[in-house]
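Colleague: I have not seen this structure before. Could you take me through it?

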Amino acid sequence: MLHVLNHPLITHKLAIMRDQNTSTKDFRQNLDEIAGLMAYEVTRDLPTKSVTVTTPIRECVTEQISKDVVLVPILRAGLGMVNGILNLIPTAKVGHVGLYRDEETLLPHEYFAKYPKNLEDAVVMVVDPMLATGGSADAAITLVKSRGAKQIKLVCLVGVPEGVRLIEKNHPDVDIYLAALDEKLNEVGYIVPGLGDAGDRIFGTK
Ligand code: PRP
Ligand code: URA
């Protein structure tokens, strides 16, 4: 299912990120802040279990999260969302999948993968700012599924209908969360209006 998190704080910060004149520092900071705001919504349905706690006043039965959370950023740009989410879920473990998109074919190529052990029992959040053709997210989800992941959420900043359709077709079991659903891809596979090359803008490589 697709969730587009229309929220004034998220839209405001995303407008700063979209601006071509925004510095690397401000781009990174706003991505970090949006990732944290998105985490609040994305974790809304995490399972909980009853626990007994003794307050200074008396004993009470309350709830705590019952599943481990594993973040899997797609390198490089996904790294820019990790700290913002970890601020809210400090106990989460972090796996990494390295994928780059061939500029001609737009197909993803894997160059790195390292995951924590407990993927089968965890809620796995695959994170990447951009969902363009969907090829990278599709490949990352397939990889974590092959390592046993069963409950997967895809968390991206900006997506387009093409990418959403690919994930919905190949992974109907995966919930997709976007801060914004943009219009389309251009002829070289960039999101329109989008925010340009997320990895280059986070790391200042262009
Ligand atoms: C970007 C982005 C996604 C991918 C999206 O990464 O961060 O991973 O493109 O495009 P897709 O949906 O068409 O696959 P890129 O390959 O540019 O690598 P980078 O993060 O290292 O810059
Ligand atoms: N990857 C990016 O970083 N930006 C886009 O617009 C598309 C893919």
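Colleague: What should I know about the model and its numbering?

Modeller: This is a predicted model, where local features need pLDDT of at least 70, side-chain atom pairs count only at pLDDT 80 or more, and totals for chains, interfaces and linings use all residues. Residues are numbered from 1 along each chain as its sequence is written, chains are lettered from A and ligands numbered from 1 in the order in which they are written, and side-chain values use heavy atoms, with hydrogens and water left out.

Colleague: Which residues come nearest to ligand 1?

Modeller: Of the 15 residues around ligand 1, the nearest are Arg101, Asp128, Thr133, Gly134 and Ser136. A residue counts as near if one of its heavy atoms lies within 4 Å of the molecule or strand in question.

Colleague: Which oxygen contact does the backbone of Arg101 make there?

Modeller: A backbone N or O atom of Arg101 is 2.7 Å from an oxygen atom of ligand 1. For Ala132, a backbone N or O atom lies 2.9 Å from an oxygen atom of ligand 1. The protein buries 91% of the 500 Å² that ligand 1 exposes when taken alone. Such areas come from the Shrake-Rupley method with a 1.4 Å probe; for residues, only the protein chains shown count as cover.

Colleague: And what surrounds ligand 2?

Modeller: The residues around ligand 2 include Arg101, Met130, Tyr190 and Asp197. A nitrogen atom of ligand 2 lies 2.8 Å from a polar backbone atom of Gly196. An oxygen atom of ligand 2 is 2.8 Å from a backbone N or O atom of Ala198. Of the 240 Å² of accessible area that ligand 2 has on its own, the protein covers 88%.

Colleague: Changing topic, how many salt bridges are there?

Modeller: The count comes to eight salt bridges, each a side-chain nitrogen of Lys or Arg within 4 Å of a carboxyl oxygen of Asp or Glu. In one of them, Glu33 pairs with Lys13, the closest N and O atoms being 2.7 Å apart. Glu33 lies in helix 2 (residues 24-42) and Lys13 in helix 1 (residues 8-18), so this pair ties together parts that are 20 residues apart in sequence.

Colleague: Is Lys13 buried or exposed?

Modeller: Lys13 is buried, at 16% relative accessible area, whereas Glu33 is partly exposed at 29%. Buried means under 20% relative accessible area, exposed over 50%, and partly exposed in between (1.4 Å probe, protein chains only).

Colleague: Which residues form a network of salt bridges?

Modeller: Arg76, Asp200 and Lys206 are linked in a network. Between Lys206 and Asp200 the closest N and O atoms are 3.6 Å apart. Lys206 is exposed at 80% relative accessibility, while Asp200 is buried at 12%.

Colleague: What about helix 4?

Modeller: Helix 4 (residues 135-146) has twelve residues and reaches 16 Å from its first C-alpha to its last, close to the 16 Å expected at 1.5 Å a residue. The expected span is 1.5 Å times one less than the number of residues. Helices (H or I, at least four residues) and strands (E, at least two) are DSSP runs, numbered from the N terminus. Among the buried residues of helix 4 are Ala137, Ile141 and Val144.

Colleague: Finally, which residues make the nonpolar surface patch?

Modeller: Tyr100, Tyr111 and Phe112 make a nonpolar patch of about 330 Å². Patches consist of residues with over 30% relative accessible area and no salt bridge, with like charges joined within 9 Å and nonpolar side chains (Val, Leu, Ile, Met, Phe, Trp, Tyr) within 5 Å. Tyr111 sits in strand 7 (residues 108-114) and is partly exposed at 44%.

Technical notes. A polar contact is a pair of N or O atoms within 3.5 Å; within protein, one must be able to donate a hydrogen and the other to accept it, and residues adjacent in sequence count only if both atoms are side-chain atoms.
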